[in-house]
Amino acid sequence: MAALVPILVATVRAVRGGWLPVADNAFFRIRANDVLTNNDPLLGTWASVSVALAPARDPGLHFDGPVGETRGVTVVRDPEPAQHGSVTAHPQSATPPRWTPRGALSIHLRMSGWRDLRFFASPVRRWWFGLGTIMLIGFGIRLLYVHVHTQDIAVLSDPFYYHGGANLLVEGHGFVDPYHFVLEGRSLPGAYHPPGYLLSLALASLAGFKNLFAHQVWSAMLGTATIAVTGLAGRRIAGARAGLVAASVSAVYPNFWFSDALVMSETLVLLAMAATLLAAYRFWDRPDFGRAVVLGVFLGVTALSRSEAVLLLLLLAVPLVAFLPKDGFAWRRRLALLAMIWGAATVIVGPWVAYNLSRFEEPVYLSVSYHTLLAGNCEDRYEGDLVGYWSVGCVVRLNCPNFDKAERDLTSPCLLKVDPEGDGSTHELRYREQAITNLRENLDRLPFLVFAREGRTWGFYRPGQQLQLDTLSTREIELSRLGLGIYYTLVAGTIAGTLILRRRRVPVFPLLVPIVSVALTVSLTFGETRYRALAEVSLVLGAAVAFDAVLPSRRRPSPPQSPERSSRPNTAAVTKSRTMTKPTGSELSIGSVVNDDGDTTR
């Protein structure tokens with residue numbers, strides 16, 4: 001236990017900045033030979049500091065022994081001192097403790113009646129300690145799910161694209177199509193998805209962690225960072241406790257940690273969206289160019305993690321600038337702020353767009369995704385039991401007219417076909433044309449089709465069937481049901497939370513913009529639970545506001561003051577006026593020298 005004392009001292013020094021307030025007017029400097037003794041060393045009622053006192057006697061200090069030579073002295077405040085601020089010193093053993101350096105005078109101040117020396121006395125430290133605890137719990141949940149989750153990644157799947165693509169990038173092959181590289185040995189430019197999540201996995205691969213389990217653990221670490229950023233955003237929107245509530249929900253909500261074990265881009269989408277919302281509210285607090293750049297950077301990172309997030313550059317950035325207070329923000333300044341946001345986002349996204357334009361035959365910007373558009377607009381999904389979902393039937397039939405003779409497994413070349421003389425961009429144009437043709441031929445079914453797509457995404461159209469379909473991504477059905485139950489609670493909480501924020505005059509449109517963005521994207525493609533990821537952070541933050549509002553307040557009403565007590569003179573003020581010229585023992589500080597007249601000089 002004695003070996004822990006220096007560690008505890010270093011901890012206290014770090015969090016206190018080297019100064020410990022122990023009384024109303026006394027501050028003692030911690031030095032390298034300080035110790036903490038007696039009772040609980042960190043949360044108890046004793047503190048130890050090393051100071052140097054002159055051998056003279058101060059009127060407020062009554063030493064039972066000489067102090068001209070260094071000795072260990074315990075100073076205890078009198079319960080009823082004869083003079084305000086007086087303390088009594090009692091000598092300790094002449095042999096100092098083993099961990100106390102010789103030549104140090106250790107004064108152990110009993111904190112009875114003094115200001116508490118508690119690590120958690122500061123609300124800020126208590127909040128960060130709570131957030132750290134929630135992050136540890138969330139990280140443990142994610143690691144446990146990685147451990148119990150059984151996943152067999154198929155070659156033609158999104159997890160394989162991210163996992164294999166990250167390793168190929170680190171090995172020097174560049175951003176190639178991992179599907180054709182593994183199946184056919186062809187090195188073709190790949191951009192089926194934006195590069196954000198692939199680059200994050202490449203960081204782990206660059207450090208030597210290239211297997212699937214390592215990428216799952218790395219994704220769990222990213223998910224833990226999402227807990228912290230969500231908590232910070234909640235604290236900015238509705239206060240410290242709401243931030244801890246938001247962090248707690250994001251730690252246990254299955255839809256926040258499913259993707260970590262699945263090795264899917266939703267892990268980075270959640271983190272980037274939480275950071276974007278935090279930056280948006282900070283920009284609203286103080287709309288300057290610096291915060292505009294930060295917001296633009298996070299908007300760019302979010303777009304590199306999910307293509308449809310590029311809509312946020314219009315849906316979020318423009319209202320943020322347009323709704324600023326009229327006083328002090330002329331239109332010229334507003335346009336300058338908007339240009340700064342878009343310029344910062346362009347710096348992040350621009351290199352990837354330019355790189356794609358230079359290597360594909362047909363123009364490709366963020367990703368090659370027309371096969372997704374065709375899968376959602378296949379005539380098989382305009383009606384029937386799976387209306388609103390996706391189907392690869394149209395893709396396979398387009399690539400292989402002799403569908404009945406084609407292989408039906410996922411390794412079939414009919415699923416992802418690239419012309420020998422071309423690349424993925426040339427074949428994707430055929431998918432776009434076929435999707436538009438199917439859509440035009442089924443315009444009468446479009447209203448119900450959009451309803452089904454939105455319903456599958458937001459959980460109000462055949463939710464039980466959609467949970468079964470989610471198992472295609474190897475999501476466990478029991479955990480998916482738990483996530484659906486929590487989601488319904490968050491939706492109700494978000495509705496109440498937005499009303500509360502409006503009453504508090506806090507802007508709510510930044511929380512609503514991701515929801516609108518997801519709704520627009522889904523209406524054009526297909527409905528799936530994981531497509532809701534861009535809006536999940538908004539749901540958690542909105543619900544945290546409502547949960548915080550219904551929690552009991554920690555403020556306690558002050559008891560009514562009796563007339564006798566109210567008429568009593570303020571003894572503290574009287575005492576302070578009496579001791580202005582002659583400080584007492586409780587007012588000593590480091591460097592004070594007590595002269596023979598009892599006065600203190602510096």
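Q: Which residues do ring pairs link into a cluster?

A: In this predicted model, ring pairs link Phe160, Tyr161, Tyr162, Tyr179, Tyr192 and Tyr197 into a cluster. Rings of Phe, Tyr and Trp (its six-membered ring) pair if their centres lie within 6.5 Å; planes under 30 degrees apart count as stacked, over 60 as edge-to-face and the rest as tilted.

Q: On what basis do the residue numbers and side-chain values rest?

A: Residues are numbered from 1 along each chain as its sequence is written, and side-chain values use heavy atoms, with hydrogens and water left out. As the model is predicted, local features need pLDDT of at least 70 and side-chain atom pairs count only at pLDDT 80 or more, whereas totals for chains, interfaces and linings use all residues.

Q: How many aromatic pairs does a search of the whole structure find, and what describes such a pair?

A: A pair of aromatic rings is described by the distance of the centres and the angle of the planes. The search of the whole structure finds 23 aromatic pairs. In one of them, the ring centres of Phe175 and Trp352 are 5.1 Å apart and the planes stand at 70°, so this pair is edge-to-face. Phe175 lies in the loop between α3 (158–170) and α4 (178–183), and Trp352 in helix α13 (residues 331–359), so the pair ties together parts that are 177 residues apart in sequence. Helices here are DSSP runs (H or I, at least four residues), numbered from the N terminus.

Q: Are Phe175 and Trp352 buried or exposed?

A: Buried means under 20% relative accessible area, exposed over 50%, and partly exposed in between (1.4 Å probe, protein chains only). Phe175 counts as buried at 19% relative accessibility, and Trp352 is buried at 7%. In another pair, Tyr253 and Phe256 have ring centres 5.8 Å apart and planes at 40°, so the pair is tilted. Tyr253 is buried at 0% and Phe256 at 1%.

Q: Which charged residues lie over the rings of Trp127 and Trp331?

A: A charge sits over a ring if NZ of Lys or CZ of Arg is within 6 Å of the ring centre and within 35 degrees of the ring normal. Arg235 lies over the face of Trp127, 4.2 Å from the ring centre. Over the ring of Trp331 sits the charged end of Arg334, 5.2 Å from the centre.

Q: At what angle do the axes of helix α8 and helix α19 cross?

A: Two packed helices are described by the angle between their axes and the distance between the axes. Axes are lines fitted to C-alpha atoms, for helices over the stretch in contact, and angles run from 0 to 180 degrees between N-to-C directions. The axes of α8 (residues 254–262) and α19 (residues 477–503) cross at roughly 145° and come within 9 Å. Contact means heavy atoms within 4.5 Å; Pro254, Asn255, Trp257 and Phe258 of α8 meet Leu479, Ser480, Leu482, Gly483 and Ile486 of α19.

Note on methods. Helix = DSSP H or I, 4+ residues; strand = E, 2+ residues; numbered from the N terminus.
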